[in-house]
Amino acid sequence: MIRMLGRSALGVVFELGEISLFSFGAARGFFAQRGRLAKLTLAIHEIGVRCFPIIATVGLFTGLVMGLQLYYTLVKFGAESALGTAVALSIIRELGPVLTALMVVGQAGSAMASELGIQRNDEQIDALETMNIDPLGYLVGPRLMATLICFPILTAIFDLIGIFGGFVTGSLLLNVDAGVYWNRVFESVTWADVQGGYIKALVFGLLTISICAYRGYNTHRKASFPGVRGVSESATRAVVWSSVTVLAADYLITSFLL
Amino acid sequence: MDAFLKIRGLKKHFGENHVLDGIDLDVAAASVTTIIGKSGIGKSVLLKCIANLLQADAGTVELDGKAISRSRRGANGAEGVSFSYMFQNNALFDSLSAFENIALPLREATKLKNAEIKERVDAMLAHLELSDSAERFPGELSGGMKKRVALGRALITKPQVVLFDEPTTGLDPERKFSVFEMIADYRERFGFTALLVSHDIPEVFEISDRVAWLDQGIIKFFGKPDELNSDAQLALSGFLSKANYGREPSPKHEGAK
């Protein structure tokens, strides 16, 4: 039992090391690429623009539900005027970065893992090597760089729409004074809260995209099955591991920030 | 024969399976050498070891007398040595047009200007009779057209050595013949050295200067195609008879050369 636990722990540490080297290689490879701006723009479109609708939708519904839940909790203490504070802080500090990361994993991360897995199976990655093109820099590098730009922006969009959702429930449906709601939002949110949210967004972005890309890129080594089943397994594991990693990292970062 | 591509003692094993067990092979400059052998015997592994897509366990690959390392085996390598590889399933990028697929190695691995890239790719497309399909994506092309795009991509960097991994897989007899004809034609036009893996016996012999028979991890026969019957060992004869070697060539075939 202990031996098994030790072996698993070593396996995780080894894999983390491999993912770190993979990401470092991709970032270094990106700066050696030609036409970096065009590739970065495409990757921003893939990760940022395509994920925008789902982020906006989830942000809105999260805000609506938060407004509802927190209102009925606060009203018991006669503190419904603090709704703006509660909604804004929960979204900016926690829900914004975490749910944004989970949504991007579901939308772009799984697609990326599948695409890279198919490219691996179809020998397109080998073809790049024979053409003297660094596959990591060409295929993964732009996506990793786009992550650094897209995650904080998507998180900010989620935060804003989420806070607006809280306003819709709290003020328009449950009659909390609009002025009080917005006043509490502006008063309670400090730069440190926003900064903490952005730090989380950056860390989650790098972790999730690295894991998804690593899983897809190494389908031939990591999946238990060859072919289509292997790609499907890579995509599933990419999503599961990314999501678990986001939650674990969230706990760690929060404990450092508070 | 002066060997342009010289392979010595190349070994590769997967677990207990010694797929390559000391390959020695000399390939002359601007020649076509075909590797034949049973399925799963390691022909593609040999090509991948030469291209360094697989790391060989032992052995050397020399080009023009110089040992080549990984960094020098790609297209337009730093020291002017260039290999190209044509994959069995073409390995074309689905999201790139035929033009972009052929232009890819020039765009990403050279410092050529866009105008020059366009000029070279347009010329290649014209050679391949693909000018009308330049903007079409691989999914919109026929099997034969995809092969031609893959061939164009392999040749666009003017490589010294082109490795062809079963270039006629999945094609009907007529298209197989035209792919072989294309390889022979481009070899003459561009002057590259071709190393070819094929199961299409005897059709492939029409364009082959030398044939290498790979069996049990080593090259058991190496010589001209017409020496196969006189020189071949018993086992080779068995392999060839199973591959229908010695049958009457088709009329289309006779007119090939």
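**Entry 1: a bent helix in chain A.** I began with H6(A), which bends by about 40° at A:Gly141. A proline, A:Pro142, follows within four residues of that bend. A reminder to myself that this is a predicted model.

I then checked the length of H6(A), which runs over residues 135-173 of chain A. At 1.5 Å a residue, its 39 residues should span 57 Å, and the end C-alpha atoms are 53 Å apart, so I note that the two agree.

Just after the helix, A:Asn175 takes a positive phi of about 65°.

**Entry 2: the rest of chain A.** I looked up the secondary structure and got ten helices and zero strands. Along the sequence the pattern reads α-α-α-α-α-α-α-α-α-α. The C-alpha atoms fill a box of roughly 65 × 50 × 30 Å along the principal axes.

Chain A has 258 residues, and 46% of them count as buried. I also looked at the contacts in chain A with a separation of 6 or more: residues 24 or more positions apart account for 86% of them.

**Entry 3: helix H3 of chain B.** Next I went to H3(B), residues 114-127. Its 14 residues should span 20 Å at 1.5 Å a residue, and the end C-alpha atoms are 20 Å apart, which agrees.

Which residues of H3(B) are buried? I list B:Val121, B:Met124 and B:Leu125. They sit on the same side of H3(B), because they cover an arc of only 100° around the axis.

What covers the buried residues includes helix H2 (98-109) and helix H4 (143-155) of chain B. Just after H3(B), B:Glu129 takes a positive phi of about 55°.

**Entry 4: where chain B meets chain A.** I looked up the contact and got 18 residues of chain B against twelve residues of chain A. On the chain B side, strand S6 (83-86) and H2 are the elements that give two or more residues. H2(B) gives the most, with five residues. By class, I noted eleven nonpolar, five polar and two charged residues on that side.

**Entry 5: two domains in chain B.** Chain B is divided into domain 1 (31-56 + 68-77 + 159-257) and domain 2 (83-157). How many residues does each domain give to the contact? I get 22 residues from domain 1 and 16 residues from domain 2.

On the domain 1 side, strand S7 (161-165) and helix H5 (173-190) of chain B are the elements that give two or more residues. H5(B) gives the most, with six residues. The residues on this side divide into 13 nonpolar, five polar and four charged.

Entry 6: Last stop was B:Asp2, which is found in the segment before strand S1 (3-14) of chain B. Buried or exposed? Exposed, because I count 9 C-beta neighbours inside 10 Å, and the cut-off for exposed is 12 or fewer. I also looked at B:Asp2 and B:Glu62: they are 60 residues apart in sequence and 12 Å apart in space, C-alpha to C-alpha.

Conventions. Residues are numbered from 1 along each chain as its sequence is written. Chains are lettered from A and ligands numbered from 1 in the order in which they are written. This is a predicted model: local features need pLDDT of at least 70, side-chain atom pairs count only at pLDDT 80 or more; totals for chains, interfaces and linings use all residues. A residue is buried if 20 or more other C-beta atoms lie within 10 Å of its own, exposed if 12 or fewer, and partly exposed in between; C-beta atoms are placed from the backbone. The expected span of a helix is 1.5 Å times one less than its number of residues. The arc is that of the directions from the helix axis to the C-beta atoms. Two residues are in contact if their C-beta atoms, placed from the backbone, lie within 7 Å. The bend at a residue is the angle between axes fitted to the seven residues ending there and the seven starting there. Ala, Val, Leu, Ile, Met, Phe, Trp, Tyr, Cys and Pro count as nonpolar, Asp, Glu, Lys and Arg as charged, and the others, Gly among them, as polar. Domain bounds come from an automatic or database domain assignment.
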